[in-house]
Amino acid sequence: MSETDTTDKKQEENSNMVQSMKLKNEIDELKRKQLQIMELKFRSQTEHHQEEISIHKHKMQQLLAQKKILDHDILMRTAQLDAVKHELQTRDQHNLQNLDHLLSSARVKLLEAQLNDAEYYQTSA
């Protein structure tokens with residue numbers, strides 16, 4: 001082998017090595033860019049999820065506040081209903097006592113009328 005052949009071979013090896021290094025650098029650069037894109041995508045998704053979580057938390061807080069108001073409203077209406085029931089029971093009991101008293105009075109008056117009516121005893125006997 002001659003010196004030129006050896007030199008050519010060395011130059012070719014050097015050229016191949018340089019090309020290999022360039023390809024490796026290009027691959028590394030592409031990997032870095034791919035990683036950056038993935039990081040950006042991840043950050044974007046994370047921000048989006050955080051916004052969604054924030055929106056859902058806000059809605060949940062609104063619903064909890066609304067539930068608290070409705071629970072209070074139910075409690076107040078239940079108390080009003082219980083008061084009305086009690087009032088109606090008291091009034092009904094009082095009305096029944098009055099009716100019982102009126103009925104007793106009517107019976108007493110009917111008995112008095114029958115006792116004082118001479119014809120009652122003649123027709124019933």
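This is a predicted model: local features need pLDDT of at least 70, side-chain atom pairs count only at pLDDT 80 or more; totals for chains, interfaces and linings use all residues.

Q: How many helices and strands does the protein chain have, and why is the chain called more spread out than a compact globule?
A: The protein chain has 2 helices and 0 strands, these being DSSP runs numbered from the N terminus (helices: H or I, at least four residues; strands: E, at least two). Its radius of gyration is 52 Å, whereas the globule rule gives 14 Å for 125 residues; the value is well over the rule, and the chain is therefore more spread out than a compact globule. The radius is taken over C-alpha atoms, and the rule is 2.2 Å times the number of residues to the power 0.38. Along the principal axes, the C-alpha atoms fill a box of roughly 170 × 30 × 10 Å.

Q: What share of the residues is buried?
A: Buried residues make up 1% of the 125 residues, where buried means under 20% relative accessible area, exposed over 50%, and partly exposed in between (1.4 Å probe, protein chains only). The chain exposes about 12200 Å², of which carbon and sulfur atoms supply 59%; the areas come from the Shrake-Rupley method.

Q: What makes the contact between K67 and D71 a salt bridge?
A: The term requires a side-chain nitrogen of Lys or Arg within 4 Å of a carboxyl oxygen of Asp or Glu. The N to O distance for K67 and D71 is 2.7 Å, so the pair meets the criterion. Both residues lie in helix 1, 4 residues apart, about one turn of the helix. K67 is partly exposed at 47% relative accessibility, and D71 is partly exposed at 38%.

Q: How do you know that R77 is exposed while D73 is partly exposed?
A: R77 has a relative accessible area of 55% and is therefore exposed; D73, at 31%, counts as partly exposed. These two residues also form a salt bridge, with the closest N and O atoms 3.1 Å apart. They are 4 residues apart in helix 1, hence separated by about one helical turn.

Q: How many salt bridges does the whole structure contain?
A: A search finds 5 salt bridges. Among them is the one between R43 and E39, at 4.0 Å from N to O.

Q: Why is L99 called exposed, and which nonpolar patch includes L99?
A: L99 has 53% relative accessibility and therefore counts as exposed. With L96 and L102, L99 makes a nonpolar surface patch of about 330 Å². Patch residues have over 30% relative accessible area and no salt bridge; nonpolar side chains (Val, Leu, Ile, Met, Phe, Trp, Tyr) are joined within 5 Å, and like charges within 9 Å. L99 is found in helix 1, which spans residues 3–116.

Q: Which residues gather in the patch of negative charge, and how exposed is D8?
A: D5, D8, E12 and E13 gather in this surface patch; Asp and Glu count as negative. D8 has a relative accessible area of 42% and is therefore partly exposed. The place of D8 is in helix 1.

Note on methods
Residues are numbered from 1 along each chain as its sequence is written. Side-chain values use heavy atoms; hydrogens and water are left out. Accessible areas come from the Shrake-Rupley method with a 1.4 Å probe; for residues, only the protein chains shown count as cover. The place of a charge is taken as NZ of Lys, CZ of Arg, CG of Asp or CD of Glu.
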